[in-house]
Amino acid sequence: MYREITFQVYLHVYFILQPIGKYAKNNAFLKVNNLKVWTPEEKSWWRRKPSKASVVILDNVSVCMRTGEFVAVIGPSGAGKTTFLMSMAGKCTLPNSGVITLNGKNIKDLCGSVEIVPQFDVFMDSLTVEEHLIFMTEMKLGSVNKPSNKARLTSLIQELKLNMLKNSLISSLSGGERRLLSLATSLLSNPQILICDEPTTGLDSYNAALVVGVLKTLSTSGKIVICSVHQPSSDLFKEFNSISLMAEGKLLFHGSQEDCKDFFERLNLRCPQNYNPAEFYIKAVFMDLSNKIYGLENKSVVSEDETGSTSQQELACQRNWFKQVQLLLWRSSLVFKRNIKGCFFQLLFNTVISSLIISTCYVGISGTTQEGVQDLRGFLWLLCSEVSFSVSYCALYAFESDLTLFKREVGTYKASSFYVGRFLCLVPRCITWPIAYVVIATLAVDLPNHFITAVKFTLSLICTAVASTAYGLGMGALFLSSGIMGDIMPCADLPLFLMSGAFLRISSLPLWLYPLKYFSHFYYGMDAISNVYWRQIDWIECSSNSTSICLNNGDSVLLENGYSKNFIFEDSLGLLFVTIVWSLLGFYGLKREENKGYAY
Ligand SMILES: Nc1ncnc2c1ncn2[C@@H]1O[C@H](COP(=O)(O)OP(=O)(O)OP(=O)(O)O)[C@@H](O)[C@H]1O
């Protein structure tokens, strides 16, 4: 029954996938020559001796594969299969030596010719299947409106049986459907070599047969398809026409199923009838106590000529930078639309409720009395700090949830476009939140020229919010993989908000601390809104029996706090400076994550 289903699925898939052959490119010849991969020696900074010695993961692996091969890479756990596949895809970030070429060209110099389908699928789950594929088509191939790209996308959707799922959210897909979507994403660029890491793991027999059927058809249509497989059933295993047998980082055998059988029979190791050959081979190398098999390790490299040609890899790998930013913004806007309720609640709790509390506590205050001066200072500080803190802490975690996705999409777009795209996504918040704060919080406060002053407050706070966002995003990106940004940020906040002038007089700062104020968005924000308010206060009441020093106008309040005179110029320049500094630091952090390489 199972064999019947598998056969039917295979036939079905074979015929519907024939059109993929239309896109098949010229012959491909993959050559791996003396590939060695090892882990770096780890040294602790306080000891000279290495704390962890280097370990060889792949030991002089050499092999040749050509068009039409459908290769099963098998071997015990820890044999080095994934590392081997990643190296062939040019995505291994561990130290390595040896050369991998496709038709004579180094694999690392080629673009789009080798694609990998990793074991674990990572997508932006709140997109639909169609939206995801449109995004990837636009990023990898170009405009989706171009007839050839449209045709490619439509045929892939049909051929991989995704048309029924086009409008489904990715989060609702089953494991097999996600695997097919992953496959479709990799096939968009019509690669010559498709590498799949455990494509059937976690799938039921029907879905596993479906996926293997699709892969086999791809190999017959002019590609090299290489899969690592864990415990394949006999039925699935016999679909592969080549076997690479690995153990302890060595490639023990590479060749056809028949040759593999002969290889083991020559060593008097005969697979019993009705026994799964894959299991038998893995067990045999596992139990190879006398090292018979290891002794015959595959040493057959490969002086064959490297005929074949690559055609697509000369194309530009990526869309232009502005297009990348636009596409990333488009994708984020789709996620935003699906999460609009969450954004509404964020706005409600972060701004509306807290500004209502401020407004209630400061009902009727005015800076024209000595008591009012203190209240007004507190009110302005709360306005500035609430806006700064709320937007910076929202930005702090902006990359965290997408780090794996970003590392999966390394190479699809630039880190800089991803960074700028994410920053721009946060800009609407930098506009709406200050508006909400100012409108609500100033409702009950006695402001001179209420409307104009509120507009000036809003503009100043919008600029402060942009710089605060740059600060939050920068801190988040700098400490992205360590996950300690939530612990570091309060420590960084402390000196920066002390510079705001709300808690200590800036003019009385020790000289060595003075430069710190130029990095404080709190200082620039407070300086701007304080100037807006106090410059309009010409007279402050002084009681005749007061013993303390009396501040008799707004200018003297500004002077006492140590705020600048040329505030519009200085604060705009200062906030721009802070934005640029934190953006550069954050970009450096993201680039560091990118350099760690592909997430598999
Ligand atoms: N980045 C790394 N740093 C240190 N060791 C690593 C790294 N990547 C792999 N290894 C080690 O190399 C060996 C081979 O790992 P690999 O994942 O390639 O094996 P595998 O055959 O795919 O295993 P499995 O079948 O269990 O997935 C393992 O012992 C693993 O611990």
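Reader: How many bridges join strand 11 to strand 12, and which way do the two run?

Author: Six bridges join them, and strand 11 (residues 242-247) runs antiparallel to strand 12. Strands pair when DSSP finds at least two bridges between them. Strands (E, at least two residues) and helices (H or I, at least four) are DSSP runs numbered from the N terminus. Ser 242 stands opposite Ser 256 in strand 12.

Reader: What should I know before reading on?

Author: This is a predicted model: local features need pLDDT of at least 70, side-chain atom pairs count only at pLDDT 80 or more, and totals for chains, interfaces and linings use all residues. Residues are numbered from 1 along each chain as its sequence is written.

Reader: In what order do the six strands of the open sheet stand?

Author: The order is 8-9-10-5-11-12, and the pairing is mixed. Look at the edges next. Strand 8 (114-117) and strand 12 (250-256) each have a single partner strand, so one side of each lacks a neighbour in the sheet. Neighbouring strands of this sheet are turned by 15° against each other on average, direction ignored.

Reader: Which strands does helix 2 lie across here?

Author: Helix 2 lies across strand 5 (70-74), strand 8, strand 9 (193-197), strand 10 (224-228) and strand 11. Contact means C-beta atoms, placed from the backbone, within 7 Å. Helix 2 runs at about 155° to strand 10. Angles run from 0 to 180 degrees between N-to-C directions; axes are fitted to C-alpha atoms, for helices over the stretch in contact.

Reader: What is the order of the open sheet of four strands?

Author: That sheet has the order 4-1-6-7, with antiparallel pairing. Its edge strands are strand 4 (56-66) and strand 7 (105-106), each pairing on one side only. Strand 1 (residues 29-38) pairs with strand 4 over seven bridges, in the antiparallel sense. Within that pair, Leu 30 stands opposite Met 65 in strand 4. Helix 2 (residues 81-88) packs on this sheet too, touching strand 1, strand 4 and strand 6 (96-102). The direction of helix 2 makes about 55° with that of strand 4.

Reader: Which residues surround the ligand?

Author: Count a residue as near when its C-beta atom, placed from the backbone, lies within 6 Å. The shell here holds Thr 39, Ile 57, Gly 75, Ser 77, Gly 78, Ala 79, Gly 80, Lys 81, Thr 82, Thr 83 and Leu 94. Helix 2 gives the largest share, three residues. By class, three residues of the shell are nonpolar, seven polar and one charged. (Ala, Val, Leu, Ile, Met, Phe, Trp, Tyr, Cys and Pro count as nonpolar; Asp, Glu, Lys and Arg as charged; the others, Gly among them, as polar.)

Reader: At what angle do helix 18 and helix 20 pack?

Author: Helix 18 (residues 521-534) and helix 20 (residues 567-595) pack at about 155°, their axes 9 Å apart. Helix 18 and helix 20 are therefore roughly antiparallel. The cut-offs: under 35 degrees is roughly parallel, over 145 roughly antiparallel, 65 to 115 roughly perpendicular, the rest oblique.

Reader: Is the crossing of helix 18 and helix 20 left-handed or right-handed?

Author: It is left-handed. That is, the near helix is turned anticlockwise from the far one by less than a right angle; clockwise is right-handed. Helix 18 brings His 521, Tyr 524, Asp 527, Ala 528 and Asn 531 to the contact. Helix 20 brings Phe 567, Asp 571, Gly 574, Leu 575 and Val 578. This contact has five nonpolar, three polar and two charged residues.

Reader: How does helix 18 cross helix 19?

Author: Their axes come within 9 Å and cross at roughly 160°. Helix 18 and helix 19 (residues 554-561) are therefore roughly antiparallel. The crossing is right-handed.

Reader: And at what angle do helix 11 and helix 15 cross?

Author: Helix 11 (residues 321-338) and helix 15 (residues 415-441) cross at roughly 45°. Helix 11 and helix 15 are therefore oblique to each other. Helix 11 passes helix 15 in a right-handed crossing. The contact residues are eight nonpolar, four polar and no charged.

Conventions: Two residues are in contact if their C-beta atoms, placed from the backbone, lie within 7 Å.
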